[in-house]
Amino acid sequence: MDYPGGQAILDIGDRLLLVGEPSELESFDKLAKGEIAVPKESTSCQWLILGESSPYTGKKISQANLRRQYGVEIQAIRREGKFIRWPQGNTKLQVGDRLLICGGFH
């Protein structure tokens, strides 16, 4: 099956051709082994780019209070070609960071 959609179901013995950055392939490997899980269906995720004028630029994740204010959390940061999965609260946000924001978006 070429380019399966999101509704495709994988079966035991299926062979996959994966394309991506080494960190993305590592994440898929962990997902396939059951070491990490896909967020629940009710969870929405978006990639956002942090701009110079963002009030969060230069702040630590813990100072941003995104969970309390918006019901979301930063699950990953793509920065300077690196992929930071589950960044810690003391991680400082920088201009140009690509943030994977997930949650309820209330």
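Which residues make up the largest nonpolar core? A few notes on that and on two other spots; keep in mind that this is a predicted model.

1. The core. The largest nonpolar core has 11 residues: Leu 50, Tyr 56, Ile 61, Ala 64, Leu 66, Val 72, Ile 74, Ile 77, Leu 93, Leu 99 and Ile 101. Helix 2 (61-64), strand 2 (72-79) and strand 4 (98-103) are the elements that give two or more residues to this core. Strand 2 gives the most, with three residues. As a general point, nonpolar side chains in soluble globular proteins tend to be buried together.

2. If you skip its neighbours within four places in sequence, Ile 74 is in contact with Ile 61, Leu 66, Pro 87, Leu 93, Leu 99, Leu 100 and Ile 101.

3. Arg 79, worth a click. This arginine lies in strand 2, and Arg 79 counts as buried because its relative accessibility is 15%, with the cut-off for buried at under 20%. The side chain of Arg 79 makes a polar contact with the side chain of Asp 97 (2.7 Å). A polar atom of the Arg 79 side chain also lies 2.8 Å from the backbone oxygen of Lys 92. Leaving aside neighbours within four places in sequence, the contacts of Arg 79 are Ile 84, Thr 91, Lys 92, Leu 93, Gln 94 and Asp 97.

4. Leu 16 sits in the segment before helix 1 (22-32). Leu 16 is partly exposed, at a relative accessible area of 46%.

Notes: Residues numbered from 1 in each chain as written. Predicted model: local features only at pLDDT ≥ 70, side-chain atom pairs only at ≥ 80, totals over all residues. Heavy atoms only, no water. Helix = DSSP H or I, 4+ residues; strand = E, 2+ residues; numbered from the N terminus. Buried < 20%, exposed > 50% of the residue type's maximum accessible area, 1.4 Å probe, protein only. Core = buried A, V, L, I, M, F, W, Y, C linked by side-chain atoms within 4.5 Å. Contact = heavy atoms within 4.5 Å. Polar contact = N/O pair within 3.5 Å; in protein donor to acceptor, adjacent residues only side chain to side chain.
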